[in-house]
Amino acid sequence: MQALSFSVHIPLVCFGIAFPAMILFVEWLYLRSGDQLYRTLARRWTRVMAALFAIGVITGTILSFEMGLLWPAFTSTFGSVFGLGFAIEGFSFFLEAIFIGIYIYGWDRLSPKAHFLSGIPIAIAGVLGSLMVISVNAWMNHPSGFRLHDGKALDVHPLTALFANSFLWPELVHMYIAGYIVTGFLLAGAYAIGRLRGRWTRYERTALAIPLTIAALASPVQILIGDWAARDVATAQPIKLAAIEGLAKTTKGASEHLLGWYTQGQVKYGIAIPKMLSLLAFHNPDAVVKGLDTVPVDRQPPVNVVRVSFQLMVGIGTLLALLGVIYLFVRIRRKRLPESVWFYRALALAGPASVMALIAGWVTTEVGRQPWVVYKVMLTNEAVTGAGGIPVGYVTLLLVYAGVGIGVVWILRRLARMPMDPPASVSGGSGRASEQPSPVL
Amino acid sequence: MHLYELPLIFVLIGLVFYVVLAGADFGAGFWLLFAGRGPAAARVRDHAHESMAPVWEANHVWLIFVLTVTWTAYPSAFGSIASTLSIPLFIAAIGIILRGAAYALRAGAASAREQRSTDAVFAVSSILTPFALGTMVGAIAARRVPVGNAAGHLFSSWTGATSILVGVLAVATAAYLAAVFLAADAARARDSDLIASFRTRALAAGVLAGGIALAGIAVLHADDQPLYHRLLHSDALAALVISILAGALTLELVRRRHFERARYTAALAVAAVVAGWALAQNPILLRGLTVRQAAAPHDTLVVVIVAVLAGAVILFPSLALLFRLVLRGQLDHGEQDLSPSPPAIGTLLSASAPGLLARAAAACLLAGFGFLTLAEAGWAHAIGVLALLGFIVCGFLADVPSQLEKISREDPATRS
């Protein structure tokens, strides 16, 4: 159930991380150039951000409810250790909400500079908030900063637990860049669809170029960051790595398998690359990689779930990086946007694909940690609530989320179809009459 | 005052803000349902929506604050409450989802029919959520929540007369607060029809809420003798008296049309009720758990307190800014066209040597690969990550401005 809420919430988080920065960039362009087009673009993006943020607030609230609804034992044992992260996250959420209020309703009502400044805290709070949540997750993967005695956490040092954690930085950077990739590809994809349907004015080109450039630059970088994160996993969570790779036995000079299905202790139908795993994980083709057999069967994660989602993430990530590189190549060699229809078709798919990769990545890290909720400290079934009725709740929540999802798609389409305010107003020179915001947004 | 009580004070302060601010939002939803029909009703609905639009999200985050501080500072209490009272908590959660979704969707609703259906969902969930949260408070106050993972009864723990009473009271209070706030907003907009309609609503809801609260004392006497005695024979009594006085004063202010002042007295009345509850509970948090036993270890408490105080230093000025803008009406529609003279048309980024930036980007990429992927040491990784981020920033700056300039040159037709 939390996984469900989480996968609804997480793409919204990406927008929280990356979208304000992009909007601010466009508004800054407007301030620099006085060109109304950038203002229009920033305003329209602001509306989308507002709708997504409203949904983000809800899913975020639900997630914090679920900490209690589903994991009361987890929270009551370790709340004192990791809760601080969420408390600070609450504050940054707060700041985000306040300044989003000011920013959205402040178009036309604050001076341009004050309005631009009011947007900056949104971007900062988005980053701070995700830093906090990821610090909690990094702690769950690599717990420290306390001593467990008779089921109670003693000697608690929340700051050490959350921020002096070697796991935090790769995870944070990985997620942060993922935020830019997902936002960039989703936005660019929306305008790519526009192009395929024949809408290709200066507005669309500008709106496509900005997010696409970011995503294209970020996606190759993500491969390097991901590799860094994976090496951290190799040392700190060998079992997760073994599950990712479907490595049953501890092996010297282990080989890497692409695709395939793990069954009866080996990967079937996969392409094996000898010694590659040892090389990747430890920079040594003959390094020993720990296998699943180092822990009893009931302490092993479900191998295929972890493996498939990891491969999905890496596969999609690689394709996205390829798309990014193609784009950059065309930009550098031809000095123009790509013209092939196929490029835009691929781009339209890249957005949803990047969301899939994102969710697959979280599945890898979360399921890969199973059966532990706090790695090697607390089992998931020790953390779960004693109250019954979880299936009922699950189905209800699923229905509600499906409804919300349909609603979001619907409203985004509505927003996309809303008449564009500026060209008319710009030529009229007043630029105000037509810029009345819609009643709520 | 002990260290372990301090976070609880923060929680209670957060709760007061949540009840007063978000309560008013819930109440606005309540009035959507009882707006009646016709054009006058449509104006009531629009007014209710517009008044809370800029502050809705910020008001709502108080709940997240309350939850996170509770589970950090009093983890075992939080776990017990959330598991025993999982059903009302879940109802509240669903209510919050539906409410927020309906709210976001209203922006896209074009036809009156679409708007009515989103409004209906919004209104129903606005009643359900405070009711469910109220029953939880009632259950805690009546000490029906024992310590442990789902140790209390899943239903009877929150369906007692006290719980239902607090739930109903929560809805009535929300409606009352909302009517007072909306009347004040209408007074600011000098809309005499709206003032009149919300003034009537505020008076009616105020009398009703007061009546429920007084009748509630009788209910408590019958249902929960201990709570009744704790409320009437301790410091809690003073808080209740303050609440009654503030409530009566609010009614009088509303009657005399001093709506701005009524805002604050209404808030005071609600805050006093929360304080009264806290005083009556003290020092027991749950059945078999004192505040002291529930508190997290010393280090955590210190860090939480420091974090909350530091956060408050940033938060309250921002919040004050938002509310000042809202209360002064700067964020209202159609007023104060501050839209300034457009800034002088400057060059689009003094095309700062894109060639140089591109080369810097390439260098950053190479350095990033070297330090992050090939090197082993932690410090090298840090440099590598910074270099890669530098690559993204330099690459973006190298490419985008020149590209945008080109786009605007190619397509002068739409250039303004």
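Tutor: Happy to! D119(B) counts as buried, since it has 22 C-beta neighbours inside 10 Å. Buried takes 20 or more other C-beta atoms within 10 Å, exposed 12 or fewer, and partly exposed lies in between, with C-beta atoms placed from the backbone. The model is predicted, so local features need pLDDT of at least 70 and side-chain atom pairs 80 or more, while totals for chains, interfaces and linings use all residues. Residues count from 1 along each chain as its sequence is written, with chains lettered from A and ligands numbered from 1 in written order.

D119(B) sits in helix 6 (residues 112-141) of chain B; helices (H or I, at least four residues) and strands (E, at least two) are DSSP runs numbered from the N terminus. Leaving aside residues up to four places away in sequence, D119(B) touches L32(B) and R45(B), where contact means C-beta atoms within 7 Å. R106(B) is 13 residues from D119(B) along the chain, and the C-alpha atoms of the two are separated by 7.6 Å.

Now step back to the chain around D119(B). Chain B has 15 helices and two strands, and 55% of its 416 residues are buried. Among its contacts with a separation of 6 or more, 76% are between residues 24 or more positions apart.

Helix 4 (residues 75-84) of chain B is mostly covered, with ten of its ten residues buried. Among them are P75(B), F78(B), G79(B), I81(B) and T84(B).

Helix 3 (residues 72-106) of chain A packs against helix 13 of chain B at an angle of about 5 degrees, and the axes are 10 Å apart. That makes the two helices, helix 3 of chain A and helix 13 of chain B, roughly parallel.

Chain A itself has 14 helices and ten strands, and 57% of its 441 residues are buried. For contacts in chain A between residues at least 6 apart in sequence, the share joining residues at least 24 apart is 75%.

Helix 6 (residues 168-196) of chain A is largely enclosed by the rest of the structure, because 23 of its 29 residues are buried. From first C-alpha to last, helix 6 of chain A reaches 41 Å, close to the 42 Å expected at 1.5 Å a residue. Just after helix 6 of chain A, G198(A) takes a positive phi of about 95 degrees.

R299(A) lies in the loop between strand 8 (288-289) and helix 10 (303-334) of chain A. The C-alpha atoms of R299(A) and F99(A), which are 200 residues apart along the chain, are separated by 46 Å.

How values were computed
Two residues are in contact if their C-beta atoms, placed from the backbone, lie within 7 Å. Axes are lines fitted to C-alpha atoms, for helices over the stretch in contact, and angles run from 0 to 180 degrees between N-to-C directions. Angles under 35 degrees count as roughly parallel, over 145 as roughly antiparallel, 65 to 115 as roughly perpendicular and the rest as oblique. The expected span of a helix is 1.5 Å times one less than its number of residues.
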